[in-house]
Amino acid sequence: MSTVKRMTYAQAGAAALAQAMRDDARVVALGEDVGRGGIFGQYAGLQAEFGGERVIDTPISESTIVGAAVGMALTGLKPVVEMRVIDFALCAMDEIVNQAAKNRFMFGGQGRVPTVIRMPVGIWSASAAQHSQSLEAWFAHVPGLVVVAPSTPQDNFGLLRAAIDCGDPVAYFEHKELWGTEGEVHPTQPAPLGRAQTVRAGGDLTIVSWSKAVHGSLAAAETLAGEGVQAEVIDLRTLWPWDRDAVFASAERTRRVLVVHEAVQVAGFGAEIVATLAEAGVARLARLGAPRAPVGYSPGLEAQARVDAARVADAARALLRRG
């Protein structure tokens, strides 16, 4: 793929993986239903092109899938693992946390686990508490894991390629409600791990976000602009390592920072960013996340868990009122 194309977030993920598989015979994909394209279409057409030995349908056993991928990686392959949704990855936490993340350290670098574990994250409309979780902070807490959360088709293409080439285990979080979003994808545009992107410039306050919450933050920034407030919006893109330089540079200019995420606010990754900025004393700080409650099935209860543009704008106004 050499020309700019308009594609969905799901198609961008499939295109990135296809390109990586063409470039490197060591790249394989495995998981439930990947042969028929995955439940969101993020593997569409791959088994037809690369065959069942490289796009591998597996039993319904997340611990087996990740355990097999760790073994593959240690013997020279570069597996891309599909967990369907992050909620199901909880059945493979031992393999992710104790095997993939720690192997390089425990064996003095003799073995590496270059695997990408795709765990679709976030609220999935009308799918209730066991299919709508945002658990990225769990994985950011684990030494040895790289943590990535793309918000656009362009980043889903570029960051997935970077993750496959990383050489270490990557917890890769695609949002369940972004699969159908469309955008232009430049196949040669790099998306380095650990590099944030300023997606809207402004001088009155900084909003730091990632994944789907970036879109709500941008919508809130447009609302605030109508009130004479110019908010800068930073898409973190990679949670670990996170781009401290970009966040600090913006914070030092605006002197107000609001961190926004869809995950439960209590002990969310936003707290790490706020604490780091607080230690440096560079800005007034606030964070916004979901309430500490399971996501409900009914539309009314589900709406209570959503961090939407109106809530972001309200949190920004409250921060501005603090002076």
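Modeller: A pocket, as the word is used here, is an open set of grid points with protein on both sides within 12 Å along at least five of seven lines. The model is a predicted one, and its largest pocket has a volume of about 440 Å³. Of the 22 residues that line this pocket, Q133, S134, L135, A263 and V264 are the closest to its centre. Two elements, helix α7 (136-140) and strand β13 (256-264), each give two or more residues to the lining. In terms of class, the pocket lining comprises 15 nonpolar, four polar and three charged residues.

A cavity, by contrast, is a set of points where a 1.4 Å probe fits but cannot get out. The structure holds one cavity of 30 Å³ or more, and the volume of the largest cavity is about 70 Å³. The residues that line the largest cavity are V121, S134, E136, A149, F173, H175, W210, S211, K212, A213, H261 and E262. This lining divides into five nonpolar, four polar and three charged residues.

Two packed helices are described by the angle between their axes and the distance between the axes. Helix α9 (residues 213-225) and helix α13 (residues 309-321) have axes that come within 8 Å and cross at roughly 55°. That angle makes α9 oblique to α13, and the crossing is right-handed. On the α9 side the contact involves G216, S217, A219, A220, T223 and L224, which meet A309, V312, A313, A316 and R317 of α13. By class, this contact has seven nonpolar, three polar and one charged residues.

A second pair is formed by helix α10 (residues 244-254) and helix α11 (residues 269-280), which pack at an angle of about 55° with their axes 11 Å apart. α10 is therefore oblique to α11, and α10 passes α11 in a right-handed crossing. R244, V247, F248 and A251 of α10 make the contact with E272, I273, T276, L277 and A280 of α11. Six of these contact residues are nonpolar, one is polar and two are charged.

Technical notes:
Residues are numbered from 1 along each chain as its sequence is written. This is a predicted model: local features need pLDDT of at least 70, side-chain atom pairs count only at pLDDT 80 or more; totals for chains, interfaces and linings use all residues. Side-chain values use heavy atoms; hydrogens and water are left out. On a 1 Å grid over the protein atoms alone, a cavity is a set of points where a 1.4 Å probe fits but cannot get out, and a pocket is an open set with protein on both sides within 12 Å along at least five of seven lines; lining residues have an atom within 4 Å of a point. Grid points are joined across faces, edges and corners, and a volume is the space filled by probe spheres set on the points. Helices (H or I, at least four residues) and strands (E, at least two) are DSSP runs, numbered from the N terminus. Ala, Val, Leu, Ile, Met, Phe, Trp, Tyr, Cys and Pro count as nonpolar, Asp, Glu, Lys and Arg as charged, and the others, Gly among them, as polar. Axes are lines fitted to C-alpha atoms, for helices over the stretch in contact, and angles run from 0 to 180 degrees between N-to-C directions. Angles under 35 degrees count as roughly parallel, over 145 as roughly antiparallel, 65 to 115 as roughly perpendicular and the rest as oblique. A crossing is left-handed if the near helix is turned anticlockwise from the far one by less than a right angle, and right-handed if clockwise. Contact means heavy atoms within 4.5 Å.
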